[in-house]
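Hi,

Here is the structure I promised to pass on. Have a look at it first, and then read on for what turned up when I went through it.

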Amino acid sequence: MRIKEKIKIFTTTISAGRFKGKTIEIPAINTTRSSKGILKESLFNTLQFDIMDKNFVEAFSGSGSIGLEALSRGAGECYFMEYNKTAFRILESNVKKLDPSHCHLFLGDSFEKFSLVYEMVKRSSQKTYFYFDPPFSTRDGMDEIYDKTIALIETIEPEVCEMVIVEHMTNLDMPENIGALEFAKRKKFGRSTMTYYKPKAKE
């Protein structure tokens, strides 16, 4: 008989928008990292009202805390990709508490599911924010994760993209340009840093 693994659950609160004050859950498992409150606050101070009605894609989404905050603040359609089944079940539960009608959930490897999600947002009339928070490469088997993430970002076309945000280890040097996107800004938070990219200006 298998003993069901007990997962410790933390909670976080949606900080602004139509679901302000609602509690969502975050599992304490190795494959997910809850984005720090200060980091999340900084992100949405940058995006402000620009996300209204835009698509928001959260790759490596864990329990969806970033995408659900975007939804609360007015994003139109939100897309979540997560391969860990425990985190995915909690993501499903969090979405049900808020607004399932504007959320699209994909169980599986973000690298494999991304092209499917990308085709969906490409058909949309709205531009898209892409948020990438890959597992830190200090874990076993994760050495290539940033190379693979950058390769994924290279496939994003400027006419589809409003902005790309990558949450990564502070000691990682992210490139100035990725495909059709260029560096916009960087914010450091201890071990974590957020780097922003936007479509290159047309000459």
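Predicted model: local features only at pLDDT ≥ 70, side-chain atom pairs only at ≥ 80, totals over all residues.

**Salt bridges**

The structure holds 3 salt bridges. Another of them joins the side chains of Arg18 and Asp99, at 2.9 Å from N to O. Arg18 is in the loop between β1 (9-13) and β2 (23-27), and Asp99 is in the loop between α3 (85-97) and β5 (103-107), so here the parts tied together are 81 residues apart in sequence. Asp99 is buried, with 10% relative accessible area.

Then there is Arg73 with Glu69, whose side chains meet at 2.8 Å, again N to O. Is Glu69 buried or exposed? Glu69 counts as buried, at 0% relative accessibility. Arg73, at 22%, counts as partly exposed.

**The sheet**

Now for the strands. You'll find 8 of them in an open sheet, in the order β5-β4-β3-β6-β7-β10-β9-β8, with mixed pairing. β5 and β8 (177-178) are at the edges with a single partner strand each, so one side of each has no neighbour in the sheet. As a reminder, strands of a sheet pair through backbone hydrogen bonds, either parallel or antiparallel. In the case of β6 (residues 128-132) and β7, the two strands run parallel and are joined by 5 bridges.

**Helices lying across the strands**

Helix α1 (residues 37-47) lies across β3 (55-59), β6, β7, β9 (181-189) and β10 (192-199). Its direction is at about 20° to β10. Helix α5 lies across β6, β7, β8 and β9, and runs at about 175° to β7.

Which residues of α5 are buried? They are Ile145, Tyr146, Thr149, Ile150, Leu152 and Ile153. These residues cover an arc of only 155° around the axis, which puts them on the same side of α5. What covers them includes α4 along with the strands β6, β7, β8 and β9.

**Aromatic rings**

A search of the whole structure finds 5 aromatic pairs. One of them is Phe114 with Phe130: the ring centres are 5.8 Å apart and the planes are at 50°, so the pair counts as tilted. This pair links distant parts of the chain, with Phe114 in helix α4 and Phe130 in strand β6, 16 residues apart. Both Phe114 and Phe130 are buried.

Phe114 also pairs with Phe132, and that pair is tilted too, at 5.8 Å centre to centre and 40° between the planes. Here the link runs from Phe114 in helix α4 to Phe132 in strand β6, 18 residues apart. Phe132 is buried, as is Phe114.

**Two backbone spots to check**

Which residues have a positive phi without being a glycine? Gln48 is one of them, with a phi of about 45°. Gln48 is placed in the loop between α1 and β3 and counts as partly exposed, at 44% relative accessibility. Phe60 is another, with a phi of about 50°. Phe60 is placed in the loop between β3 and α2 (65-72), and Phe60 is buried, with a relative accessible area of 14%.

Cheers

How values were computed
Residues numbered from 1 in each chain as written. Heavy atoms only, no water. Salt bridge = Lys/Arg side-chain N within 4 Å of Asp/Glu carboxyl O. Helix = DSSP H or I, 4+ residues; strand = E, 2+ residues; numbered from the N terminus. Buried < 20%, exposed > 50% of the residue type's maximum accessible area, 1.4 Å probe, protein only. Pairing = 2+ DSSP bridges. Contact = heavy atoms within 4.5 Å. Axes fitted to C-alpha atoms, helices over the stretch in contact; angles between N-to-C directions. Arc of directions from axis to C-beta. Phe/Tyr/Trp six-rings, centres within 6.5 Å; stacked < 30°, edge-to-face > 60°.
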